[in-house]
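Good morning, everyone. Please have a look at the sequence and the fold before I start.

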Amino acid sequence: MPTLIENAHVITVDADRRELPDTPVLIDGARIVAIGDLPTLPADTVRVDGRGCALTPGLVNTHHHLYQWVTRGLAADHTLFEWLTRLYPIWAGIDESAVRTAALGGLAHLALSGATTTTDHHYVFPADGGDLLGAEIDAAHTVGLRFHPTRGSMDLSEKDGGLPPDSVVQTIDEILTAGAEVVAKWHDPSADSMLRVALAPCSPFSVTTQLLTETATQARELGVRLHTHLAESRDENDYCAEHFGCTPLQYMESVGWVGDDVWFAHGVEFTDDEITRLAATATGVAHCPTSNARLGNGICRTRDLVDAGVPVGLGVDGAASNESCRLLEEAHQAVLMARARGGPTALTTRAALELATIGGARVLGREADTGSVEVGKLADLVLWDLSTVAHSGIDDPVAALVLGAIPPIASSWVNGRQIIANGEILTVDVDLVAADVAREHRRLVAKAG
Ligand code: ZN
């Protein structure tokens, strides 16, 4: 039956960036079928009162590591490389149970901060871990989010000069075989797809040049996207200078890793020339301001990237470097960080909301399907309650969303299905999940010794 959202302030983020006070939006099936002018409604239409609320596109998260939900709070005061060295032995113990529990917790929490679409970068595959991608896909199906998991990989361990321990890396043949299998089994390229897969070697300092080259070839043969971490820290710059004699982006370009089918997480260290190159090739960037600050890596040049025309979305990054992982908070942080770096006009509140919605959709190749409130688009929508004491009296709903606290979510829909009502997620028992997360955390830490 159709659902009619009435009386809300609709922030469309469409091409004209229309904002429509007190305007009805009609959902039928998986799609938005009317905004403003309504057809004759059937008697069984469900009516949702959006009085005092803002209706936005569902937010799109462009970088995450869900498995880290059960390894939060460790190495709290360390650099990126120290933090990785501390956590790899714990991550080496993950299995299907840990990953499924972590993904249920991480995805439920992400939904409660406004996400309707998320990616995930899973790159730790211990030999006896089981079907880890299958476990998180199962969790995403349960929670009900639109999911773009990436099959990550590492083939450069300590014995070969890389950072990860030997037990969590795989051979190139194992990685390519697994990549082909997950794409064949899970990837759905259709317009209303709830599940698309990408391929994602972990970072320049944990994979070989051959793996990067062969993964790029494989992804293009299979018609899927490519993702990795890049230009995240000065340590990474030093590593690339020492091993390859160039910057991280120059290295990635030399192995075929630029184009509108590629997106990089972080990009803190990109230079002027590199920003021009990213724009010319339509290579995307997942901006993760909280993680960059938590690890002391610096501040991404968001304004310069956006001005140059680079596709930019927001990412919470993994829960081990962002224990909060609330997506709307990343829009808040994006504004604060950009202005701390570039002055009061560096990023507007509306530009930040665009990064969180249509920007992220563009980074994931879904801008025709989601990321704005438009007739014909998928019904991925969030109804934020701005009537409580946290936001009442803020006249500009976008300022309330981006500069204020995270509002309670009155309702949200993914693919036309309601997954949140009155601030509660309908699809999972979060109290049960919380207890499971605590148990899995204790088990993994004990296992690492
Ligand atoms: Zn990451």
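A word on the source. This is a predicted model, in which local features need pLDDT of at least 70 and side-chain atom pairs count only at pLDDT 80 or more, while totals for chains, interfaces and linings use all residues. Residues are numbered from 1 along each chain as its sequence is written, and side-chain values use heavy atoms, with hydrogens and water left out.

Domains, then. The assignment gives domain 1 as 3-57 + 369-425 and domain 2 as 59-363. Such bounds come from an automatic or database domain assignment. The C-alpha centres of the two domains lie 29 Å apart. Their contact, meaning heavy atoms within 4.5 Å, takes 33 residues from domain 1 and 31 residues from domain 2.

How much area do domain 1 and domain 2 bury between them? About 2600 Å², with 65% of it on carbon and sulfur atoms. Buried area here is the accessible area (1.4 Å probe) that two parts lose on being put together, summed over both.

Now the charges. A salt bridge is a side-chain nitrogen of Lys or Arg within 4 Å of a carboxyl oxygen of Asp or Glu. The rule finds five of them across the interface of domain 1 and domain 2. Take Asp 396 and Arg 350: they form a salt bridge, and the closest N and O atoms are 2.9 Å apart.

Which elements give two or more residues to the side of domain 1 that touches domain 2? They are β16 (381-385), α13 (397-403), β17 (409-414) and β18 (417-421). The largest share, four residues, comes from α13. These labels follow DSSP runs, numbered from the N terminus: helices are H or I with at least four residues, strands are E with at least two.

The whole structure has 23 salt bridges in the search.

Strands of a sheet pair through backbone hydrogen bonds, either parallel or antiparallel. We call two strands paired if DSSP finds at least two bridges between them. Seven strands form an open sheet here, in the order β3-β2-β7-β16-β17-β18-β19, with mixed pairing. At the edges are β3 (19-20) and β19, each pairing on one side only.

Walk along it with me. Strand β7 (residues 53-57) runs antiparallel to β16, joined by five bridges. Leu 55 has Leu 383 in β16 as its bridge partner. Further on, β17 and β18 pair in the antiparallel sense over four bridges. Val 414 stands opposite Arg 417 in β18. Their hairpin has two residues between the strands, and Asn 415 takes a positive phi near 60 degrees.

Last step. β18 pairs with strand β19 (residues 424-425), antiparallel, over two bridges. Ala 421 has Glu 424 in β19 as its bridge partner. This hairpin also has two residues between the strands, and here Asn 422 takes a positive phi near 50 degrees.

That is my tour. Thank you.
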